[in-house]
Every structure is written in structure tokens, then in C-alpha cells.
Amino acid sequence: QARKMAPSPSNGAKYAAEFIGTAVLMFTVGCNVLSGNKVWGSTSCACALMVAIYALGGISGANFNPAVSLALGVSKALGGEGMEFKDVGAYCVVQIIGALVAAFAYSFMFWDDF
């Protein structure tokens, strides 16, 4: 009996994964910068990125950065593997929104530091 493959994720699931991954990464980076944590800052950012990639990479590809999404679009346009530009635009918008939500979140946490 043949095995059934899991259905590919919907666009909504992909966009949600990119939003969550970008927000988690930017929240971690922002909190580390504003807290001035020099010892564990890079380690916590690397751990947050690793967890996000493992948790969400199978859904969206784990770009979490508009520059990465754009590079994948250019790669596809040049004949390589990558993303279609219609997906690149949507990913970039969702990633920017995720980063803005994270920025507001850590801004409220560290409001007295501004």
C-alpha cells in the first residue's frame, strides 16, 4: 500500500509561519539590544532563530527576512530554485508586519529606556 504524502501547507499557514517566526526573531533581537545584554544576546538570538526554523521551516521555508525572500525571488527569476515573485511580495509584507508587531511589543516592555 502506497503511503500518502502530507498535504502542502496553505498560503495562510505559510504567511502565519513567516509572521510568527519574524516576530519571535525581531522580539528577541530588540529585547537584547534594549536590555544591553552582551553576554547572552547572540546566544538567545541564535536559539530563537533555531527554534523558529525547526518549528516553522517545514511550513513556510523559514525565510523570516524580506532580504532572504527577495533573494529567493531573484534566484527563481534567473532560472534557479527559489520562490515565485507573487509569493515574495506576500512574504515580505507579512514579515514586515511581524517585525512591526515585535517592535511595538518590546517598545512597550522597555518604554522607560527610550
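Student: How much of the protein is buried?
Tutor: Of its 114 residues, 29% count as buried. Buried means under 20% relative accessible area, exposed means over 50%, and partly exposed lies in between, with a 1.4 Å probe and protein chains only.

Student: What should I know about the model and the numbering?
Tutor: This is a predicted model, where local features need pLDDT of at least 70, side-chain atom pairs count only at pLDDT 80 or more, and totals for chains, interfaces and linings use all residues. Residues are numbered from 1 along each chain as its sequence is written, and side-chain values use heavy atoms, with hydrogens and water left out.

Student: OK. How many helices and strands?
Tutor: Four helices and zero strands. The pattern along the sequence is α-α-α-α. Helices are DSSP runs of H or I with at least four residues, strands are E runs of at least two, and both are numbered from the N terminus.

Student: What does the C-alpha trace span?
Tutor: About 60 × 35 × 25 Å along the principal axes.

Student: And what share of the contacts comes from residues 24 or more positions apart?
Tutor: They account for 63% of the contacts with a separation of 6 or more. Contact means heavy atoms within 4.5 Å.

Student: Which residues make up the largest nonpolar core?
Tutor: Five residues: Ala-17, Ala-52, Leu-56, Ala-62 and Phe-64. Such a core is a set of buried Ala, Val, Leu, Ile, Met, Phe, Trp, Tyr and Cys residues joined through side-chain atoms within 4.5 Å.

Student: Where does Phe-64 lie?
Tutor: In the loop between α2 and α3. Phe-64 has a relative accessible area of 4%, so it is buried.

Student: What does Phe-64 touch?
Tutor: Leaving out residues up to four places away in sequence, its contacts include Ala-17, Leu-25, Leu-49, Ala-52, Ile-53, Leu-56 and Gln-95.

Student: Where is Ala-62, and what is its phi?
Tutor: Ala-62 is in the loop between α2 (41–60) and α3 (66–77). Its phi is positive too, about 60°. Ala-62 counts as buried because its relative accessibility is 15%.

Student: Switching topic. How many aromatic pairs are there?
Tutor: Two. Rings of Phe, Tyr and Trp (its six-membered ring) pair if their centres lie within 6.5 Å; planes under 30 degrees apart are stacked, over 60 edge-to-face, and the rest tilted.

Student: Last one. How far apart are the mean positions of the positive and negative charges?
Tutor: 14 Å, with 6 positive and 6 negative charges. Lys and Arg count as positive, Asp and Glu as negative, while His and the chain ends are not counted. The place of a charge is NZ of Lys, CZ of Arg, CG of Asp or CD of Glu.
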